[in-house]
Amino acid sequence: MARKKEEIKIRPFWYSDIWLFPKLITIITSLDKQGRVNAAPYSHIMQYDVMAKNPRMIVGFRQESHSFENICATGEFVVNCPSADYLDDMMETARFWPEGVNELDHTRFTMIPSRKVKPPSIEECPQIAECTVDQIIHLEKSSGIIIANIEAIVMDEGLADMDRAERIPAMNLPVGLGDQSRRYYYHCTTENMTMHELAEPPGGQQGGKIKMTMPWDEQGTAALMEVPVALRKMVCEQVEEFAAKKGAATVTSQHMRDMANEYGIDADLMARFE
Ligand SMILES: Cc1cc2nc3c(=O)[nH]c(=O)nc-3n(C[C@H](O)[C@H](O)[C@H](O)COP(=O)(O)O)c2cc1C
């Protein structure tokens, strides 16, 4: 049955009152000019540069918030991601405590030293990003946006080696579903996650069916299969051209590496395809 649609008036706080943005929940720790700790939840947060050279995050704040004022004054903060077991404590840090109060003193959270910045990290958070300020954008009558350099990513030992299917339940990060009237905050957990495998595009090149014009050895084929499907055909053609120019009869993974070197592609990026 066709669903009737209606246009919604866009009012201030539309992003919270009407539109649903399920989000990551973080607790940002910062220091004021006197070195006093401040902590508060922030969810308006997203990766900004995915490459490893200058990894950055973008974070949105109310400009009068203590966190924003502290970060503008000191240039440093930490993004701590609590597990769902600590949702009550996270909500405690969201209360409007007076300036200079360390919200963490009213929770079960434990402060631990950060590695690259002065504000503390939170031990109970399995995933932590230590940040410095790259750019501050004051939007008129709206949020203050901070583009932050990620100085360090710190995780509970063992998490980084896990497969995603294992890491998601091990971290148990809650998903923020927004609030009603800045009072009733909704969250859910990742218990009923599902997984979908991305299908090959039509005419795609799965396994042996890929249209290669030269023989590829086993490792080379495996490396090619790790290239995202949208790029695979182009990479296949380029590596074959590269190998042919070198006078090779068979394409190997070494040709992919050599070509990447010649094109100035970062070794860490190439390692994802091996
Ligand atoms: C789950 C959750 C997410 C939040 N995300 C944001 C956010 O992204 N930006 C923001 O300005 N306020 C956000 N808030 C509200 C602030 O945490 C709240 O205003 C807090 O009192 C600010 O504290 P501060 O003045 O110590 O920085 C969020 C609150 C909760 C509970």
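This is a predicted model: local features need pLDDT of at least 70, side-chain atom pairs count only at pLDDT 80 or more; totals for chains, interfaces and linings use all residues.

Trainee: How many helices and strands does the protein chain have?
Mentor: There are eight helices and twelve strands, where helices (H or I, at least four residues) and strands (E, at least two) are DSSP runs numbered from the N terminus. The radius of gyration of the protein chain is 24 Å, well over the 19 Å that the globule rule gives for 274 residues, so the chain is more spread out than a compact globule. That radius is taken over C-alpha atoms, and the globule rule is 2.2 Å times the number of residues to the power 0.38.

Trainee: And which domains does the assignment give?
Mentor: The protein chain is assigned domain 1 (14–188) and domain 2 (207–271), with bounds that come from an automatic or database domain assignment. The C-alpha centres of domain 1 and domain 2 are 40 Å apart, and the C-alpha atoms of the chain fill a box of roughly 70 × 55 × 40 Å along the principal axes.

Trainee: What share of the residues count as buried?
Mentor: Of the 274 residues in the protein chain, 23% count as buried; a residue is buried if 20 or more other C-beta atoms lie within 10 Å of its own, exposed if 12 or fewer, and partly exposed in between, with C-beta atoms placed from the backbone.

Trainee: Which residues touch the most other members of the largest nonpolar core?
Mentor: In that core of 29 residues they are Ile27, Ile28, Tyr42, Val59, Val78, Val79 and Cys131, a nonpolar core being a set of buried Ala, Val, Leu, Ile, Met, Phe, Trp, Tyr and Cys residues joined through C-beta atoms within 7 Å. The elements that give two or more residues to this core are β2 (26–31), β3 (37–42), β5 (56–62), α2 (66–74), β6 (76–81), β9 (127–138) and β10 (143–155). The largest share, four residues, comes from β6.

Trainee: What is Val79 in contact with?
Mentor: Leaving aside neighbours within four places in sequence, Val79 is in contact with Thr26, Ile28, Ile45, Met57, Ile128, Ala129 and Cys131, where contact means that two C-beta atoms, placed from the backbone, lie within 7 Å. There is also a second, separate core of eight residues, which includes Ala223, Leu224, Cys236 and Met256.

Trainee: Changing topic, which residues come nearest to the ligand?
Mentor: Of the 18 residues around the ligand, Ala40, His44, Ser65, His66 and Ser67 come nearest; a residue is near a molecule if its C-beta atom, placed from the backbone, lies within 6 Å of it. The elements giving two or more residues to this shell are β3, β5, α2 and α3 (87–94), and β3 gives the most, with four residues.

Trainee: Is Ile71 buried or exposed?
Mentor: Ile71, which is in helix α2, counts as buried because 26 C-beta neighbours lie inside 10 Å.

Trainee: Last one: why does α4 lie largely in the open?
Mentor: Of the eight residues of α4, the number buried is zero, so this helix lies largely in the open. Arg167 is found in α4 and counts as partly exposed, with 17 C-beta neighbours inside 10 Å. The loop between α4 (164–171) and β11 (175–180) holds Asn172, which has a positive phi of about 50° although it is not a glycine.

Technical notes:
Residues are numbered from 1 along each chain as its sequence is written.
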